[in-house]
Amino acid sequence: MSVENCDGSLSVSLRNILNSIQCIRDRVRDGESNESDGAFNLSNFWDTLNQVVKAVSQEATKLTLAFSRPPLPSLQDGEKLSESMLKSILTLSTVYYWLPKSQGVTLRRQVRDATVEVLEGVAQLLEVILGSPLGSLTQEQLTSTGGVWSACDQFAQLPKENKGALLVVLSSQTGVVKDAIEEMEQALSEAQDPFNDVLDDDQDEDNRRGNQDTYWSERDRQVISPCRGLMKAAAACMRKLTAAVKANGDVAGPQNVAQLDDLADISRELSPSVDDLALCLYPPMDYSGVENNVSKLAALLKRFLEIIRSSHVCGESELTWVQFLEGAVDHNLQKAKVLIEMDS
């Protein structure tokens, strides 16, 4: 028999706190920060936030232990546990709201996501406790408790300012772009038919190779070459920008912070655009689709490079590779268009 079915009064207390935490989670996910007219102390924010997160982790542990063995807490003790848990959650959400967007939208988004993960973890734990057998520590309870601990622990790994937050975005997006390029390189280096490994083994060779829609023609491969060049330019742009941000990134002043946010925003656009181009290159190749995605990626890269050029992370040494990549983008775009038009 579960806690909810056995002790109605105790379960009401847990159910109430669950509903409250779900409401808090939704507000944090969708809400805005409190912009303060006074000076904001970022170091104090992080010290307080880490203390609060530790308290949430401890309260989650207390809650699990209280319902993991008989006897169950009395109604009074159960209400105290619930109130203490809710208080720690309210404090966490309050401290999160301290962080103004002026410290960086990218930073705030990552702190928000981490906060929401904690709130979701605690909500899941409460649901598990409500549905668990009386006085027993189930594997599901252990897993849910561990999930809360893990969500709380990740706060120590969060970037502490907007420069670090941008580097997190760049690392993630660079990985996606790199994967797309490597998958294409692997497919090109293998047999003519990139889908050979997914065809039925009992198909005879004549039937398998007779399907022109499953492998690249020589003309397809010629078109792919400048497309790969654009994809590699995107990867190089991300790598070079990462180095520039590490060397020159500065969070002193609202203009610098805003420029880092702009770089993060456009970086998130790059990997989907590279993916779109890569996907349309697989046979049967639709040349109009390839031309459309090539043009989109080239335009995005030009805009990306212009944002880099006009930002504080671009010094004289960075300007050299920005100009080189601008030329590479134009070269590969024109080459791709010429090859596609020749086919039509």
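A residue is called buried when its relative accessible area is under 20%, exposed when that area is over 50%, and partly exposed in between, using a 1.4 Å probe and protein chains only. By that rule, buried residues make up 46% of the 344 residues in the protein. This is a predicted model, in which local features need pLDDT of at least 70 and side-chain atom pairs count only at pLDDT 80 or more, while totals for chains, interfaces and linings use all residues. Residues are numbered from 1 along each chain as its sequence is written, and side-chain values use heavy atoms, with hydrogens and water left out.

The secondary structure consists of twelve helices and zero strands. Helices (H or I, at least four residues) and strands (E, at least two) are DSSP runs, numbered from the N terminus. The accessible surface comes to about 16900 Å², and 49% of it belongs to carbon and sulfur atoms; such areas come from the Shrake-Rupley method with a 1.4 Å probe, and for residues only the protein chains shown count as cover. A contact means heavy atoms within 4.5 Å. Of the contacts with a separation of 6 or more, 82% are between residues 24 or more positions apart.

With 25 residues, H3 should span 36 Å, and its end C-alpha atoms are 36 Å apart, so the two values agree.

Two loops hold a cis peptide bond. In the loop between H3 (42–66) and H4 (75–98) lies Pro-71, and the bond from Pro-70 to Pro-71 is cis, with omega near -5°. Pro-284 is placed in the loop between H10 (254–280) and H11 (287–309); the bond from Pro-283 to Pro-284 is cis, with omega near 0°.

Next comes Asn-162, in helix H7 (residues 162–189). Asn-162 counts as buried because its relative accessibility is 1%. A polar contact is a pair of N or O atoms within 3.5 Å; within protein, one must be able to donate a hydrogen and the other to accept it, and residues adjacent in sequence count only if both atoms are side-chain atoms. The side chain of Asn-162 makes such a contact with the side chain of Asp-261, at 3.0 Å, and reaches the backbone oxygen of Val-257 at 3.3 Å. Beyond its neighbours within four places in sequence, Asn-162 is in contact with residues including Gln-103, Thr-106, Val-251 and Leu-260.

Two loop residues can be set side by side. Gly-253, in the loop between H9 (218–248) and H10, is partly exposed, with a relative accessible area of 34%. Gly-253 and Ser-102 are 151 residues apart in sequence, while their C-alpha atoms are 9.2 Å apart in space. Ser-311 sits in the loop between H11 and H12 (316–343) and is buried, at 7% relative accessible area. Not counting residues up to four places away in sequence, Ser-311 touches Gln-259 and Leu-263.

Last are the cysteines. A disulfide is a covalent bond between the sulfur atoms of two cysteines; here the term is used for a pair of cysteine sulfur atoms within 2.5 Å. The structure holds zero disulfides. Cys-227 is in none, and the nearest cysteine sulfur, that of Cys-280, is 6.9 Å away. Cys-227 is buried, with a relative accessible area of 0%, and Cys-237 is buried at 1%.

Methods. Expected span 1.5 Å × (residues − 1).
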